[in-house]
Amino acid sequence: MLAPVIVADKLTKYYGARLAVDEVSFEVRPNEVMGLLGPNGSGKSTILRILTGYLRPTSGNARVAGFDVVGQGLEARSQLGYVPEDVPLYTQMRVNEFLDFMGRVRGVGNTRLPVAVDEVIERLSLGRVRNLLISKLSRGYRQRVAIAQALLGKPKLLILDEPTNGLDPRQIIEVRELIRTLSQELSILVTSHILTEIERVAHRVAILLDGKLLTVHALGAGGSTRFRIRLRGASESAVRASLQAVQGVGVVESLPSQGTYILESTIGTAPAVSALVQAGLAVEEVTSSGSGLEELFLRLTEGALR
Amino acid sequence: MRSFLTLLGKEVRALFHSPIAYIVIAVFLFLMGYSFTLTLFVNKYATLVHIFFQSAGLLLLIIPIITMRLFAEERKAGTLELLLTAPVRESHVVLAKYLASMTVVLAMIALTGTYAAVLGIFGSPEWGPIYSGYLGLSLLASTLVSLGLMISALTSNQVVAAIVTIGVSFMMWTIDTLATMMPDALERILISLSLLARFTPFATGAMYTSDFGFFVSSTLLALFLAMRALARR
């Protein structure tokens with residue numbers, strides 16, 4: 001297996017006497033989208049700032065692409081692209097000029113630079129605004145410019161802090177799509193306090209509360225999916241019997257009086273549905289009930305808050 | 001080196017993009033021009049000594065206005081985070097800002113060279129004190145710019161940066177006036193810290209290596225402290 005792109009080991013950060021991050025350890029693998037989920041003030045941004053070298057951990061250590069973020073800060077920083085939460089940009093510069101500046105700062109060679117800038121401009125559909133002052137751009141375009149600069153120099157890791165904040169629904173969908181496409185080339189660490197956002201893009205999610213890492217939960221491809229199925233006039237025993245033969249599918253919850261069952265499957269919905277149909281049961285409705293992340297999040301944060 | 005030149009280019013452009021540099025230079029030259037003309041017509045001496053002292057006094061007020069935004073603005077806008085999380089060294093960031101500000105200040109001082117040229121054309125000034133005066137002004141500017149840079153690195157408020165820099169600069173300029181009231185040992189220390197006491201020999205045509213050393217080492221110390229202020233906490 002390839003070496004992890006991020007290894008965080010017992011990261012701890014105090015701001016004065018306040019403990020902001022408490023012995024957080026996790027890894028991000030190559031081409032993985034890892035989500036950091038937690039309410040505001042749970043330490044997500046602090047963790048990102050430690051990984052990007054903006055802050056020093058009080059104790060513990062972290063490596064980015066094998067480089068220690070404190071001892072080999074310059075090398076570690078050259079392996080990552082970072083988009084901070086409020087998308088700070090040099091607003092007095094034009095988009096072109098800003099990307100050229102960031103490309104040079106990020107060590108893109110003189111001969112490669114124009115090509116690299118054109119590439120990110122095309123990739124983030126910035127062609128129309130490339131000669132405009134950044135101060136004249138909308139929030140959505142600024143977000144794209146910030147992501148574009150982070151991709152210059154072909155980093156191994158992209159770190160996005162609340163990338164969908166302040167965007168309209170259409171822009172949110174675009175960012176989501178972009179994250180999915182980019183994950184084919186690099187690893188992505190993304191934070192959000194919005195559960196459904198993380199659920200839609202991440203392969204794994206680390207749940208944080210009050211600076212503590214509560215759990216790391218696998219989603220999507222690596223994990224299982226849950227769905228709700230409604231049948232007409234079928235007994236619970238018939239449903240269970242027809243699903244018994246299907247490997248990787250189980251009944252999580254059953255409400256026979258309503259003909260509704262919540263199933264969990266590691267092989268998708270189709271095998272379960274076809275098994276039910278083949279057994280002669282009338283399937284009326286199949287709806288996705290998400291990844292179980294919401295339930296998990298509520299359970300964990302409730303327990304921790306008590 | 002390349003990333004340093006990139007940072008320097010960005011800083012120089014930022015300074016000349018904002019109207020502050022032009023306004024500051026224009027006001028400085030207007031006041032100095034007025035004073036030069038007036039004094040020349042009244043005294044008819046081919047000397048720039050009074051111009052050097054007046055320039056130094058104005059630099060105490062003007063340099064904090066040039067340096068106030070250097071880090072405070074970037075801290076407030078969040079771009080400091082963007083800059084320091086890119087693969088650049090803090091020392092490069094600090095030096096780029098220092099050199100860019102010095103470019104503006106030295107350009108401003110150099111433009112007063114026209115007065116020296118006028119004296120040269122219409123009179124026969126002693127050139128030694130003029131050269132040493134310009135060297136003294138440049139060294140004084142260097143200390144003040146690095147001081148302003150250091151203070152700007154400590155805050156996200158430009159006005160606070162400017163006021164504190166003006167306060168500290170004036171304190172250092174006049175600190176030797178207190179010296180005579182102090183015990184001997186303290187008197188010597190206070191005089192050695194005084195910008196005025198260090199600058200006066202340059203303005204009047206005398207140059208001492210100790211004064212030269214003071215301006216250079218105070219610049220280096222302030223730049224070092226600015227780097228420490230930026231250091232990843």
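**Grounds for the assignments**

Modeller: Chain A is divided into domain 1 (6-220) and domain 2 (224-290), with bounds that come from an automatic or database domain assignment. The model is predicted: local features need pLDDT of at least 70, side-chain atom pairs count only at pLDDT 80 or more, and totals for chains, interfaces and linings use all residues. Residues are numbered from 1 along each chain as its sequence is written, while chains are lettered from A and ligands numbered from 1 in the order in which they are written.

Colleague: What separation is found between the centres of domain 1 of chain A and domain 2 of chain A?

Modeller: Taken over C-alpha atoms, the two centres are 40 Å apart.

Colleague: Why is strand 7 of chain A called largely enclosed?

Modeller: A residue is buried if 20 or more other C-beta atoms lie within 10 Å of its own, exposed if 12 or fewer, and partly exposed in between, with C-beta atoms placed from the backbone. Five of the five residues of strand 7 (residues 157-161) of chain A are buried, so the strand is largely enclosed by the rest of the structure. A:Leu157, A:Ile159 and A:Asp161 point one way and A:Leu158 and A:Leu160 the other. Strands (E, at least two residues) and helices (H or I, at least four) are DSSP runs, numbered from the N terminus.

Colleague: Which hand has the crossover from strand 7 to strand 8 of chain A?

Modeller: The chain passes through helix 6 (residues 169-182) of chain A, and this β-α-β crossover is right-handed: with the strands pointing away from the viewer, the path from the first strand over the helix to the second runs clockwise.

Colleague: How do you know that the buried residues of helix 11 of chain B line one face?

Modeller: In helix 11 (residues 195-203) of chain B, B:Leu195, B:Arg198, B:Phe199, B:Phe202 and B:Ala203 are buried. Seen down the helix axis, they fall within an arc of 130 degrees (of the directions from the axis to the C-beta atoms), so they line one face of the helix.
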